[in-house]
Amino acid sequence: VYQHTLEKKLEMDGLQYAIQTSSLLELIPQHRGMTNGLLQGDERFRARIAAMQPALEKALADADAADRLWGAKLRLHEPWQQIRSRWLKLHGEAVQLTVEASWQQHTALIADYLELIYRITVNSTLYTEENPATRHLIEVNFHYLPKLIEALGQLRGSGSGMIADGKITMEEYHEFTGLISAVSTLSNEVRRNMEFAFERSQ
């Protein structure tokens with residue numbers, strides 16, 4: 001019973017950690033898209049980037065608070081510090097980078113952030129949840145939805161760049177349609193797991 005109580009406490013810590021770190025993960029793709037538009041020559045994005053600064057600062061502070069509370073217990077302190085350091089460096093120099101370098105560095109950072117989210121579920125034992133419905137909901141919220149949001153973020157960011165540039169190349173066209181396919185696949189997985197969760201809740 002004591003061991004079960006400890007595992008449940010660890011799961012709750014993992015959930016709280018994920019909640020407090022999720023805002024920054026949502027904002028970095030937006031920053032990528034706006035920076036892409038600015039670097040493509042659309043100066044309107046400069047003001048939009050500046051306007052999101054308070055939200056970025058709050059999101060980083062929330063993630064730091066989560067790290068202080070649960071990072072060591074969940075064995076996520078070092079991965080978070082690496083992501084934090086890379087983000088601060090990228091945030092400070094993004095508008096001086098090339099279009100390609102900014103996009104690539106943002107995207108690589110987001111991929112590692114998604115890996116951190118996955119590690120939350122493993123290190124907090126959320127993935128060993130016995131309830132089948134809950135397991136499917138965890139799969140949606142910690143695996144498929146973050147990937148879906150990232151694919152949508154890449155679509156939005158890529159679209160902003162093409163609008164600013166005023167044209168679309170063949171390479172951009174194929175990349176864009178590939179992202180649309182990925183969004184469709186991930187959306188289907190979200191729907192499928194939600195259906196399984198509903199069926200197992202009856």
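Predicted model: local features only at pLDDT ≥ 70, side-chain atom pairs only at ≥ 80, totals over all residues.
Along its principal axes, the C-alpha trace of the protein chain spans about 60 × 35 × 20 Å.

**Packing of helices**

Two packed helices are described by the angle between their axes and by the distance between those axes. The table sets out these values for two pairs.

| Helix pair | Residues | Angle between axes | Distance between axes |
|---|---|---|---|
| α3 and α4 | 53-71 and 77-93 | roughly 165° | within 10 Å |
| α6 and α7 | 132-165 and 170-199 | about 160° | 9 Å |

For α3 and α4, whose axes cross at roughly 165°, the angle makes α3 roughly antiparallel to α4, because angles over 145 degrees count as such. On the side of α3 the contact is made by Q53, L56, L60, A63, D64, D67 and G71, while α4 contributes H77, W80, Q81, R84, W87, L88 and H91. Sorted by class, this contact of α3 with α4 comprises six nonpolar, five polar and three charged residues.

Helices α6 and α7 pack at an angle of about 160°, with their axes 9 Å apart, and they are therefore roughly antiparallel to each other. The crossing of α6 and α7 is left-handed. The residues in the contact of α6 with α7 divide into 19 nonpolar, six polar and five charged.

**Aromatic rings and charges**

What sits over the ring of W103? The charged end of R32 takes that position, at 4.8 Å from the centre of the ring. Another arginine, R48, lies over the face of F45, and here the distance from the ring centre is 4.8 Å.

Terms used
Residues numbered from 1 in each chain as written. Heavy atoms only, no water. Lys NZ or Arg CZ within 6 Å of the ring centre and 35° of its normal. Axes fitted to C-alpha atoms, helices over the stretch in contact; angles between N-to-C directions. Helix = DSSP H or I, 4+ residues; strand = E, 2+ residues; numbered from the N terminus. Parallel < 35°, antiparallel > 145°, perpendicular 65-115°, else oblique. Contact = heavy atoms within 4.5 Å. Nonpolar A, V, L, I, M, F, W, Y, C, P; charged D, E, K, R; others polar. Left-handed = near helix turned anticlockwise from the far one by under 90°.
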